[in-house]
Amino acid sequence: MAITRRKFLSSTALASSAGLIMGAPYVAKAQSSQTFQWRMTNAYGPGSPFYVEGPGSPTDFCQKVEAMSDGRMKIQHFAAGELIPAMEGFNSVAGGMVEMNAGNAYFWAGQLPAAQYFTTVPFGMNTQGMNAWIYHGGGQELWDELYAPLGLKAMPMGNTGVQMTGWFREPLESVDDLNGLKMRIPGLAGKVYSELGVAVRLLPGSEIFPALERGVIDAAEFVGPYQDRRLGLQKAASYYYTTGWHEPTNVTELLINKAAWESLPSDLQAIVSVAAKACNVESQAWCESVNAEALEDLVDNQGVTAQPLPPEIVTRLRDVTQDVLTDMAASDASTRKVHEAFMAFRDQHRAWADVSEKTFLNL
């Protein structure tokens with residue numbers, strides 16, 4: 001049968017269009033069928049509320065990612081000691097042994113001093129300010145810049161909110177009472193205390209209570225009322241101080257192998273990011289809820305004296321903190337860059353908080 005040139009071209013165009021129309025969903029379907037099986041380690045032990053299990057926890061994050069991806073991405077979670085030791089997450093993720101780790105950036109201060117700024121800074125910002133800095137104030141970009149040379153990517157995945165100063169076997173009345181004190185305290189706060197004569201001890205959570213009970217240490221900081229009560233610290237010391245000077249916030253870090261991150265399709269990257277943000281909000285809300293009940297119980301039923309640190313001590317801690325941070329910022333260029341950016345945003349945010357949150361809370 002004869003076919004005119006016009007009819008032939010029209011038929012060819014129609015067939016090509018149909019192929020494109022049919023091909024597009026086929027390609028999308030093929031891409032959406034790609035699955036990822038990842039592993040996440042954790043710096044905290046099995047069963048730990050917030051740090052391992054419960055609302056907004058790393059295991060909750062893994063469940064959220066699997067649900068939102070309709071099973072395309074599954075993350076197997078391992079608490080500390082189940083696959084690697086507690087503090088091996090940084091090297092394991094960087095080396096590609098696992099794709100993810102849950103912990104705190106200040107654990108890696110020995111390798112990257114500037115990493116501490118992405119967990120908390122004494123007399124720094126509260127949770128609202130920290131989130132503002134990381135999400136919208138350039139903090140995430142600095143975090144990426146700091147970690148990229150090591151083949152790593154990180155983002156917030158949780159927050160305890162403000163933490164308590166800690167438990168003391170004897171009351172604190174002046175700065176002199178700190179001299180000679182043996183205290184379990186991590187991070188930058190430990191450096192500050194040591195400048196005031198405190199003998200700093202680094203102990204995992206499971207060892208705090210026996211050390212405090214036996215007098216091996218005189219004081220200890222852990223998290224807040226709920227987590228501290230769970231360890232039984234109120235049975236070893238009855239003076240519970242606050243100001244939150246040392247950890248006005250505390251960010252849980254989701255650490256990701258950069259090559260693995262870049263291998264994810266854009267939709268799965270978005271799912272991981274959104275799940276991490278959801279856990280960041282939910283975990284802090286959970287802490288606010290359970291800490292309120294726990295503090296009431298500790299004071300009303302368990303004989304705990306909860307009070308702020310004397311102003312004289314707070315003033316001295318603030319002065320020493322400034323010296324410690326200044327010295328640390330001078331240690332290398334990357335730390336100085338992060339320090340200056342953090343402090344500039346802190347001062348700007350504080351000016352706003354002074355006329356908003358602070359005024360509301362005071363009145």
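**Close-up views of cavities and pockets**

**View A. Lining of the second largest cavity.** Val223, Tyr226, Gln227, Trp286, Cys287, Val290 and Asn291 line the second largest cavity of this predicted model. Helix 8 (225-231) and helix 10 (266-301) are the elements that give two or more residues to this lining. Helix 10 provides the largest share, four residues. By class, five lining residues are nonpolar, two are polar and none is charged. The volume of this second largest cavity is about 30 Å³.

**View B. The largest cavity.** The structure has two cavities of 30 Å³ or more. About 40 Å³ of space lies in the largest one. Its lining consists of Tyr106, Thr120, Pro122, Pro186, Gly187, Leu188, Ala189, His246 and Glu247. Five of these residues class as nonpolar, three as polar and one as charged.

**View C. The largest pocket.** This pocket has a volume of about 1,400 Å³. It is lined by 41 residues, and Asn126, Val162, Thr243, Gly244 and Pro248 are the closest to its centre. Helix 4 (127-136), helix 10, helix 11 (311-329), helix 12 (333-355) and helix 13 (357-362) each supply at least two lining residues. The lining divides into 16 nonpolar, 18 polar and seven charged residues.

**View D. The second largest pocket.** The volume here is about 780 Å³. Of the 36 lining residues, Met87, Phe107, Arg184, Leu203 and Pro204 lie nearest the centre. Two or more residues come from each of helix 6 (187-195), strand 7 (199-201), helix 7 (205-214) and helix 8. The lining has 20 nonpolar, 10 polar and six charged residues.

Notes. Residues are numbered from 1 along each chain as its sequence is written. This is a predicted model: local features need pLDDT of at least 70, side-chain atom pairs count only at pLDDT 80 or more; totals for chains, interfaces and linings use all residues. Side-chain values use heavy atoms; hydrogens and water are left out. On a 1 Å grid over the protein atoms alone, a cavity is a set of points where a 1.4 Å probe fits but cannot get out, and a pocket is an open set with protein on both sides within 12 Å along at least five of seven lines; lining residues have an atom within 4 Å of a point. Grid points are joined across faces, edges and corners, and a volume is the space filled by probe spheres set on the points. Ala, Val, Leu, Ile, Met, Phe, Trp, Tyr, Cys and Pro count as nonpolar, Asp, Glu, Lys and Arg as charged, and the others, Gly among them, as polar.
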